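Subject: Structure for your review

Dear colleague,

Please find below the structure that I am handing over to you. I would be grateful if you could read the notes that follow it alongside the coordinates.

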Amino acid sequence: MGKVINKNILSQIVKEFGNKKVLVIGDSILDIYVYGHAIGKSAETPTIVAREEKTECSFGGASCVVTNLLELGAQVTFVSVIGEDLAGKYYDEWSHPKLNFHKIKIANKCTTVKKRFWVDGYKLLQFDQIDNTEIESQVEKEIIAYIEKNISSFDLLLLVDYRHGMISNFLAKSINDLSFKFKVPVFASSQVSQRESNHLNYAGSDYICLNLKEANQVLQNFNPQQDLTKLSALLNSSICLTLGNQGAFLKEKNRETFFVSSIKVEEVDPCSAGDSFLASFSLSNPLSYPEESLFLANCWAGLSVTKKGTKPPLKSELNEYISNLK
């Protein structure tokens, strides 16, 4: 860390989260967690038999970013596509006083569902229900029209692409053009997972957040110490590179590079760390407070991995962590 972080400044930044109005566009995912206890093996096959103890559902993908933003106090408008299925009905029940959910229902597209089975504290198996078919051009036009009509009322815009067919190359470029026209900063994140990188679709965004695996997809043999400037130039954006428990870099476009270490926590489940990081980082005003924004994002992501599932930590936990800083 390049300088001593002033906890009074951190507290003021977190306090201002409640004044932010955020527009999020991205893929909805329903995360289902089944927890159980192993009781033996099947007599017929070498299969672990477990007694189911509880099942929990939470919002993943771009929805997870939204739940983090809401917990941090922001006013959020969320534009997303869901299917007319059982998982989509779960989204129908999502209500929060600071959430405006602009749902676009598509009859022939299933809602993405990721079902994880935990046995005795170990994630044993995961089943995914996925339809990566791209949305039709008419739906794209509807999304673009909605954004153009409303974008001027937001402080920032988040593009969260989980690669399940919602954000095409055309839609990403159209949204970036609108953000530039209306001078609303855009933060972009796109997951590689089992697919190739599409980060060039987001070139020109104010900030692109990605992890080391994703950076290696954009630039082969990527070295964080040497290639951040090259990556920033290629994507024509400020780059936020997350390294898990090793910390995070911020390479400002045509400006400085910053690094902040992660906080020390006991990791339980890292699956929502990137979403948590993105939510806090985007709210923290990195243009004015680059190191403080990295520090707060690392804190919030660190707190998130201490819990199972994709439900965010509590804002009070973040405030407590800040207040205990030496």
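The notes below cover the sheet, the nonpolar cores, the hairpin and the aromatic contacts.

Please bear in mind that this is a predicted model.

The sheet. Nine strands form an open sheet with mixed pairing, in the order S5-S4-S1-S8-S9-S10-S11-S12-S13. Its edges are strand S5 (99-106) and strand S13 (257-260), each of which pairs on one side only. On average, and with direction ignored, neighbouring strands are turned by 15 degrees against each other. Within the sheet, strand S1 (residues 21-26) runs parallel to strand S8 (residues 156-161), the two being paired over 5 bridges. Ile 25 stands opposite Leu 159 in S8. Helix H5 (residues 169-182) packs on the sheet, where it touches S1, S8 and strand S9 (186-190). The direction of H5 makes about 170 degrees with that of S8.

The nonpolar cores. The largest core has 57 residues, and among those with the most contacts inside it are Val 24, Trp 94, Phe 281 and Leu 294. Helix H9 (residues 290-304) gives the most to this core, namely 8 residues. Leaving aside residues up to four places away in sequence, Leu 294 touches a set of residues including Cys 240, Phe 249, Phe 258, Phe 277 and Phe 281. A second, separate core of 38 residues includes Ile 104, Ile 143, Ile 175 and Val 218.

The hairpin. Strand S2 (residues 28-41) and strand S3 (residues 48-61) pair in the antiparallel sense over 13 bridges. They form a hairpin with 6 residues between them. Ile 32 stands opposite Cys 57 in S3.

Because Phe 78 lies in strand S4 (residues 75-83) and Phe 101 in strand S5, the pair ties together parts that are 23 residues apart in sequence. Both Phe 78 and Phe 101 are buried. One aromatic cluster is formed by Phe 59, Phe 78, Tyr 90, Tyr 91, Trp 94 and Phe 101. Finally, the charged end of Lys 54 sits over the ring of Tyr 35, 5.2 Å from its centre.

Yours sincerely

Methods. Residues numbered from 1 in each chain as written. Predicted model: local features only at pLDDT ≥ 70, side-chain atom pairs only at ≥ 80, totals over all residues. Heavy atoms only, no water. Pairing = 2+ DSSP bridges. Helix = DSSP H or I, 4+ residues; strand = E, 2+ residues; numbered from the N terminus. Axes fitted to C-alpha atoms, helices over the stretch in contact; angles between N-to-C directions. Contact = heavy atoms within 4.5 Å. Core = buried A, V, L, I, M, F, W, Y, C linked by side-chain atoms within 4.5 Å. Buried < 20%, exposed > 50% of the residue type's maximum accessible area, 1.4 Å probe, protein only. Phe/Tyr/Trp six-rings, centres within 6.5 Å; stacked < 30°, edge-to-face > 60°. Lys NZ or Arg CZ within 6 Å of the ring centre and 35° of its normal.
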